[in-house]
Amino acid sequence: MKNIENVALTKKCCSCGICAGICPEKAISMGINSKTGELLPNVSAEKCIECGLCLKVCPGLSNAERILSDNPSDHKHRQCSHLESHIGYIEDSELLENCTSGGIVSELVRTLLSVSAYESAFLVGTNQYANFVTSSRVTAYLPGCSKSRYIAVSHEKAAEYMLSHKNERIIIVAVGCAVTGFRNLIRQYRLNADNYLLIGLFCDKVMTYHIWDYFGHKYNPEGCLTGLDFRNKLESGWPGDVRLYFSNNESMRVDRKERMQVKNIFQNERCMYCTDKLNESSDISVGDNYTGKFAPKEGSSSIIVRTDTGKRALDQIRDKCFLTPVSVEELYTSQQVNKKQKNMRNAKIKYKNMSHDGISVKNILHYTKSKLMLKAGHLFPKAPLLIQVLIKLKSTVAR
């Protein structure tokens, strides 16, 4: 492989966009695949000089290589690697109401920027997904950045900025695959790791951009969808329901059960081979609290401090939070991380038998998105109805 083109072809791409940000010839651009809805890199053959830098930072490639030599005990050890672990939530009730769970990430970013511990952060502030979204640089916390986004985010701007501002202290908030990519970038370009705080989000899977069309066509086929909150807890409390916003300034609540039902249908295929739910490469990783303890109506967070950098960051907000220690084993169990062993088996089968051109594949489980829907529909009780909706959606979009 001379560039990341085959990474996307072989379904190793995790849509992080870091390759586009570091390409010295700007030969890589990110775009939504019209057929699958996935956010993927496109390589210009005319511009590419085959330097291979995109392959050296690619988390999809490095994660695939690690999975091939991985085993369940190694995987659990990395997922549970920590200095300390907690469950908790922030004291600021107004900010807490607008956050997805306990507000820990929002308070970290807000406080660390306000005391100049870091100069900037790369966050996502939109809830519109008609086009793909990128993380953008901010120097002060913005309330709109607090929502969850079950969608692939391109971090190309962050990667490019890191290389052109090597001495700036920067906060990055991202899911596990992207955090791994930033670690690869820091090592490849020998950046000062102390300049960066990598806040990792727990992640089970992300959805393709077709989810925007699904909700828009189903609930307002004649109108225009202008916003989508995957989890809005203002009306029903944690864990929150879907809220849709339309061009006529109206909005509607959709029960979270539907989001959970379509999540598997619209997931990126790459997520079927992901094993990093707890963001093992981060400085501090944060997710929902499913332990059943210390959980107010507004929600609370699970927190795993993994490095000294992460510990120093949490120290800045301890007096602004209600925290209680919990064993990392309890967090591992409550997040059902053991289910990722299935993903590991599937990845080993897929990647081990895949040729370099990504086309000739032997003995691969029929575990692609289409086969999952049509041949293993029993896994999703609502699949027949959803398939009908998808078929109708496909024909509508085609017209």
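In this predicted model, isoleucine 199 finds its bridge partner in β13, namely isoleucine 284. That pair belongs to the link between strand β9 (residues 196-201) and strand β13 (residues 284-288), where the two strands run parallel and are joined by three bridges. Isoleucine 284 also has a partner in β14, and that partner is valine 305. Here the sense is antiparallel, with five bridges pairing β13 and β14. As for burial, five of the five residues of β13 are buried, so the strand is largely enclosed by the rest of the structure.

Back in β14, serine 301 is worth a look. This residue lies in the strand, which spans residues 301-305. The relative accessibility of serine 301 is 1%, and the residue therefore counts as buried, the cut-off being under 20%. A polar atom of the serine 301 side chain lies 3.0 Å from the backbone nitrogen of glycine 102. Glycine 102 also turns up among the residues that serine 301 touches, once those up to four places away in sequence are left out. The list includes His86, Ile87 and Gly88, then Ser101, Gly103 and Ile104, and also Val286, Gly287, Asp288 and Asn289.

Next come two helices, α4 (residues 59-68) and α14 (residues 340-352). Packing of this kind is described by the angle between the two helix axes and the distance between them. The axes of α4 and α14 come within 9 Å and cross at roughly 105 degrees. Since angles of 65 to 115 degrees count as roughly perpendicular, that is therefore how α4 and α14 stand to each other. On the α4 side, the contact is made by Ala64, Ile67 and Leu68. Met344, Ala347, Lys348, Tyr351 and Lys352 provide the α14 side. Sorted by class, the contact has six nonpolar residues, two charged ones and no polar ones.

The peptide bond from tryptophan 238 to proline 239 is cis, with omega near 5 degrees. Proline 239 lies in the loop between β10 (225-232) and β11 (241-246). Elsewhere, lysine 26 has a positive phi of about 50 degrees, even though the residue is not a glycine. The loop between α2 (18-22) and β1 (28-32) is where lysine 26 lies. With a relative accessibility of 41%, lysine 26 counts as partly exposed. Glutamine 336, another residue other than glycine, has a positive phi as well, near 55 degrees. Its place is in the loop between α13 (328-334) and α14. Glutamine 336 counts as partly exposed, at 41% relative accessibility.

Note on methods:
Residues are numbered from 1 along each chain as its sequence is written. This is a predicted model: local features need pLDDT of at least 70, side-chain atom pairs count only at pLDDT 80 or more; totals for chains, interfaces and linings use all residues. Side-chain values use heavy atoms; hydrogens and water are left out. Helices (H or I, at least four residues) and strands (E, at least two) are DSSP runs, numbered from the N terminus. Buried means under 20% relative accessible area, exposed over 50%, partly exposed in between (1.4 Å probe, protein chains only). A polar contact is a pair of N or O atoms within 3.5 Å; within protein, one must be able to donate a hydrogen and the other to accept it, and residues adjacent in sequence count only if both atoms are side-chain atoms. Contact means heavy atoms within 4.5 Å. Two strands pair if DSSP finds at least two bridges between them. Axes are lines fitted to C-alpha atoms, for helices over the stretch in contact, and angles run from 0 to 180 degrees between N-to-C directions. Angles under 35 degrees count as roughly parallel, over 145 as roughly antiparallel, 65 to 115 as roughly perpendicular and the rest as oblique. Ala, Val, Leu, Ile, Met, Phe, Trp, Tyr, Cys and Pro count as nonpolar, Asp, Glu, Lys and Arg as charged, and the others, Gly among them, as polar.
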